[in-house]
Amino acid sequence: MRHLYVNRATLLIGLLLVLAAALFGWLRSQGLVLVLLIDQDRLEALDEVGDDPASAPAPDDAWAWRELGADVFAASCQGCHAELPHLPRFIERGSARDYLVDFMLFGFDGAAVIDGERVAFRHPPFARLGDDELAASLNHSLTAWGNEGALPAGFELYEPETFEERRDLDLTREEVAEERPTE
Amino acid sequence: VNRTIVGVFWLALYLVVILLPLVIMMVRPTPAPRPFLVEFSLALGFVGLVQISVQLMLIARYPQLTGPYGIDLILKYHRQIATVAILLIVAHPIILVIDNPTLVGLLNPFGGTTASRVGNVAIYALVLLAALSIFRQRMKLDYELWRVSHALLGVAAIGLSHWHIRLAGHYTDTPWKERTLLAISLVAVAALVYLRIVKPALLARRPYRVSAVTPERGSTWSFTVTADGHDGLRFEPGQFAWLKVGASPWTIEEHPFSFSSSALERGRLEFGIKELGDFTSAIGKVPIGTRVYVDGPHGAFSPDREAAPGYVFFAGGIGISPFMSMLRTMADRADSRPITLFYGAPSWDETAYRDDLEALSHRLELEVVYVLEEAPEGWQGETGFIDAALLARRLPDDQLERLHFVCGPPAMIDAVERALSKRRVPLEQIRSERFELV
């Protein structure tokens with residue numbers, strides 16, 4: 001009869017795991033995070049710094065994308081793309097700025113002319129990533145591997161707001177393919 | 001330390017470990033929030049992985065962990081909860097695709113991203129592991145080969161899952177979070193190393209030698225081993241051990257058998273073994289002096305664990321073995337508590353240990369009720385199988401105060417449990433031993 005307890009334990013633990021996962025899903029989809037006490041201390045210490053400009057956090061306009069961009073690229077892009085050295089040339093095309101945002105958000109399914117050759121390809125959408133993650137990884141791709149020096153003069157890097165605005169377009173992958181700027 | 005307190009401690013630690021990944025993934029810094037289904041599916045993947053890792057600790061036969069529950073229950077739980085964990089892990093990519101059907105390419109083992117391909121291989125390893133376990137007997141897969149494949153597939157799946165998580169990133173982009181998750185799996189793999197390498201090394205220091213192989217009735221053998229250069233082991237009557245006979249302590253070939261000797265004899269251990277398979281059919285030919293390693297004791301099927309005013313034992317076939325140990329131990333202790341033994345056997349000629357039981361009945365307050373499938377001519381006792389009608393006739397009047405122990409074939413255990421249930425015996429008064437260790 002002890003074995004009946006095992007059946008009950010399996011049922012209870014199985015349910016606990018599913019319910020805990022569902023609770024996690026709901027809390028995270030609502031943006032809830034836990035802040036460790038050590039983090040809390042650091043935040044309070046920053047508050048105490050007050051107006052000292054030397055130790056104050058970076059202003060909003062100096063968006064800290066570099067570390068996040070490298071992390072997101074390593075986690076989500078590097079599996080397929082080792083490097084993207086052609087991006088500075090591509091960004092010079094007419095509507096490339098918005099197209100790259102749509103390409104990352106909604107994916108691609110169609111044909112393109114690459115190095116003079118017409119090829120069909122698909123790219124997965126990454127709308128599941130946050131606006132800051134997408135903007136940071138695109139900035140990383142535009143500046144890494146020596147790309148930064150090849151960017152057009154006066155080129156402005158991306159801000160998360162651009163992704164936030166274009167996210168509502170809800171394009172299909174085929175529509176993004178049609179939007180692709182030609183040389 | 002009280003066994004209940006130890007049991008509660010391990011249960012609490014288990015709950016903390018299996019829910020830990022969800023808690024640490026909630027701690028800042030976290031990736032940007034995504035839809036419920038995406039976050040839910042990731043959580044299923046995390047808890048599924050940790051649950052699979054924990055399985056290696058559960059099956060490591062670590063006595064402090066298995067002692068409070070009995071390893072037979074731990075192994076049954078392992079089979080069930082591991083199946084649940086695999087289902088949770090399989091659900092992880094499926095829910096991602098339900099949320100965003102354009103991700104269906106990630107399920108393609110030859111397409112998708114590197115992360116998805118690695119994750120897919122991990123899932124295939126787990127599904128193959130489960131299929132081999134479920135269909136092993138139907139496929140007539142060699143038991144030792146299955147054990148090796150089981151361990152390799154499990155460890156490979158855990159390793160591939162960590163690789164997949166590293167490639168996918170997001171929650172584990174923070175090093176301390178990834179390290180915490182990895183640490184759980186490393187401790188789990190260490191438990192497997194303990195079971196397969198460290199523990200055999202410890203067994204090697206405490207060998208036994210075969211001192212007697214005695215035929216009993218009903219194709220049963222009393223297999224006796226004697227401690228070689230040490231004082232033997234302490235066990236509770238009703239427990240069992242894994243035996244490695246005539247082989248290295250690191251061999252994966254081992255067989256579980258119940259002790260049938262008195263627990264007061266630490267240096268001389270006897271096991272009741274019935275000829276049922278390749279190994280047991282040749283047990284009678286094992287030469288005296290053969291080296292044996294004893295991994296035990298294991299199990300929680302013992303009257304020593306709970307005091308009771310008396311006992312009712314139900315044995316079917318070779319299920320008599322643990323009861324022989326209980327009765328011999330109680331006789332050596334001059335225990336005067338009343339015992340009724342219902343003993344089901346195919347025939348009188350195949351009733352193992354009946355002479356020993358006759359001798360024990362003079363040393364104990366023991367009544368033996370034999371229930372024979374085929375009774376000899378002139379048989380005055382019970383025939384057929386143990387059922388409610390038989391119990392109504394033969395159970396003692398003080399039966400509801402006693403503890404009931406049942407050991408035998410699964411059908412017999414089910415029948416006895418049903419019959420006892422009809423007699424309004426509470427579940428807490430019944431202890432059953434289902435030998436499903438292989």
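Predicted model: local features only at pLDDT ≥ 70, side-chain atom pairs only at ≥ 80, totals over all residues.

Guide: A salt bridge is taken here as a side-chain nitrogen of Lys or Arg within 4 Å of a carboxyl oxygen of Asp or Glu. By that criterion, the count between chain B and chain A is zero salt bridges.

The interface may be taken up at once. In chain B, 54 residues are in contact with 45 residues of chain A. The area buried between chain B and chain A is about 4,400 Å², and carbon and sulfur atoms give 69% of that area. On the side of chain B, B:Met26, B:Arg28 and B:Leu427 lose the most area to chain A, and together they make up 17% of what that side buries. Although salt bridges between the two chains number zero, three residue pairs are in polar contact there, with both residues at pLDDT 80 or more. The elements of chain B that give two or more residues to the side touching chain A are helix 1 (3–26), helix 2 (36–58), helix 4 (71–99), helix 6 (143–168) and strand 12 (430–433). The residues of this side divide into 32 nonpolar, eleven polar and eleven charged.

In chain B, six strands form an open sheet with parallel pairing, in the order 10-9-8-7-11-12. Strand 10 (382–383) and strand 12 of chain B each have a single partner strand and stand at the edges, so one side of each is left without a neighbour in the sheet. Within this sheet, strand 8 (residues 339–347) and strand 9 (residues 366–374) of chain B run parallel and are joined by eight bridges; B:Thr340 stands opposite B:Glu367 of strand 9. Helix 9 (residues 320–332) of chain B packs on the sheet, where it touches strand 7 (311–316), strand 8, strand 9 and strand 11 (403–407), and its direction makes about 145 degrees with that of strand 7. Helix 12 (residues 410–422) of chain B lies across strand 7, strand 11 and strand 12, running at about 155 degrees to strand 11.

Chain B also holds an open sheet of six strands with antiparallel pairing, in the order 4-3-6-1-2-5. Its edges are strand 4 (255–258) and strand 5 (268–274) of chain B, each with a single partner strand, so one side of each is left without a neighbour in the sheet. On average, neighbouring strands of this sheet are turned by 40 degrees against each other, direction ignored. Strand 3 (residues 240–245) and strand 6 of chain B run antiparallel and are joined by five bridges, and B:Lys244 stands opposite B:Tyr293 in strand 6. Helix 7 (residues 175–204) of chain B lies across strand 3 and strand 6, at about 115 degrees to strand 6.

Two details of the backbone deserve mention. B:Pro297 lies in strand 6 (residues 291–298) of chain B, and the peptide bond from B:Gly296 to B:Pro297 is cis, with omega near 0 degrees. B:Lys140, in the loop between helix 5 (114–139) and helix 6 of chain B, has a phi near 55 degrees, a positive value in a residue other than glycine.

Notes: Residues numbered from 1 in each chain as written. Chains lettered and ligands numbered in written order. Heavy atoms only, no water. Contact = heavy atoms within 4.5 Å. Buried area = accessible area lost by both parts, 1.4 Å probe. Polar contact = N/O pair within 3.5 Å; in protein donor to acceptor, adjacent residues only side chain to side chain. Helix = DSSP H or I, 4+ residues; strand = E, 2+ residues; numbered from the N terminus. Nonpolar A, V, L, I, M, F, W, Y, C, P; charged D, E, K, R; others polar. Pairing = 2+ DSSP bridges. Axes fitted to C-alpha atoms, helices over the stretch in contact; angles between N-to-C directions.
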